[in-house]
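Thanks for coming. Please have a look at it first.

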Amino acid sequence: MSNKALMWTTTFQTPATSQPVTLQGFGMPGKRPGQTRSPVVIFFHGGLFNAGNIEEAFALATALTDQALTDQALTDQALTDQENQAIVVCVDYPLAPEVKFPATIEVAFAALQWVVDNARQVGADSKRIFVAGEHAGGNLAAVVAMLFRDRAMTFNKQTILAGQILINPMLDALQTSKSMGAAADSPCRRAWAEYIPTASDCIHPYASPLHSCRLGGLAPATIMTTESHPLRDEAEAYAAKLLLAGVPVQVRRLGDSTHPLTSPLHPCFNNLTQLIRQVLLDKSTAG
């Protein structure tokens, strides 16, 4: 990993899969002495459990880390300006049916563990760690937030999961919402079947967070949907359940497009990045 690059790649091994897992990082690794450390967001790319790739996360990652600096000489002033930018670590998680529930969530949790273990090396503030994702990635982000709560003994007291950012997340393997029911021949149905081949697992809280009966103690959530998206209703229903459980939640419903929200071609892409920046750089999350 280069200490001067604004984009870097690494891999880690986990027993959950036989193949190494790739992480693509954006932001300034190796902070200089005296510089403040940055919030870090672990991002699980969009698509479905059986489709999608890490490249789909790059536009959002570069927008959040002010990647325009790569086209300039990195002057001392540029580096000083950079210190308040977030670090984004995109996870190239394996797809179904080759890897499926529950192995996939263990890969996702291992990515969080890697970031915690290497926070100093990448210039990240261990008190301002966020998980985020779109579609299937939103499911993984929500589940990692649950695992962080349930496996708290794995981490030291200096590690804080400051928030979860869910973008049109897949949260209900039973697909019972009105908006999903109105979707004709949704590819989500096949994706869920390949990700969770055992029917009884469809209501497991680590598979379908919407069906969890124990949501207290989770990290604050920011949930973003779009007007006519099939996943809109389950995302907003999850927000309501989190609120009832005492979890701080903010919900934003944005405009429609044929493009995913994390695509720069979506008309609300700039709104999305601004909302996420506000969450990541909120100093009140620093513990």
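Predicted model: local features only at pLDDT ≥ 70, side-chain atom pairs only at ≥ 80, totals over all residues.

Is R253 buried, exposed or partly exposed? The answer is partly exposed, because its relative accessibility is 40%.

Staying with R253, its side chain meets that of E236 in a salt bridge, at 2.8 Å from N to O. R253 is in strand β8, residues 249-254, while E236 is in helix α8, residues 232-244, so the pair ties together parts that are 17 residues apart in sequence. E236 also counts as partly exposed, because its relative accessibility is 21%.

How many does a search of the whole structure find? It finds eight.

Another bridge joins the side chains of D233 and R232, at 2.9 Å from N to O. R232 has a relative accessible area of 18%, so it counts as buried. There is also a network of salt bridges, which links R149, D150 and R214.

Now the strands. Which part of the structure does the rest largely enclose? Strand β3, residues 38-44, is one such part, because seven of its seven residues are buried.

β3 pairs with strand β5, residues 124-134, through six bridges, and the two run parallel. Within that pairing, F43 stands opposite A132 in β5. β3 also pairs with strand β4, residues 87-92, again in the parallel sense, over five bridges. There, F44 has V91 of β4 as its bridge partner. As a general point, in a regular strand the side chains alternate between the two faces of the sheet.

On to cysteines. How many disulfides does a search of the whole structure find? The count is zero. For reference, a disulfide is a covalent bond between the sulfur atoms of two cysteines. I picked out two cysteines for their accessibility. C90 is buried, with a relative accessible area of 0%, and C213 is exposed, at 83% relative accessibility.

Last, the totals for the chain. The protein chain has nine helices and eight strands. It has 287 residues, and 55% of them count as buried. The accessible surface of the chain comes to about 12,100 Å², and carbon and sulfur atoms account for 53% of that.

To go back to where I began, R253 is partly exposed, and its salt-bridge partner is E236. That is the end of my part.

Note on methods
Residues numbered from 1 in each chain as written. Heavy atoms only, no water. Salt bridge = Lys/Arg side-chain N within 4 Å of Asp/Glu carboxyl O. Buried < 20%, exposed > 50% of the residue type's maximum accessible area, 1.4 Å probe, protein only. Helix = DSSP H or I, 4+ residues; strand = E, 2+ residues; numbered from the N terminus. Pairing = 2+ DSSP bridges. Areas by Shrake-Rupley, 256 points an atom, 1.4 Å probe, with all protein chains shown as cover. Disulfide = S-S within 2.5 Å.
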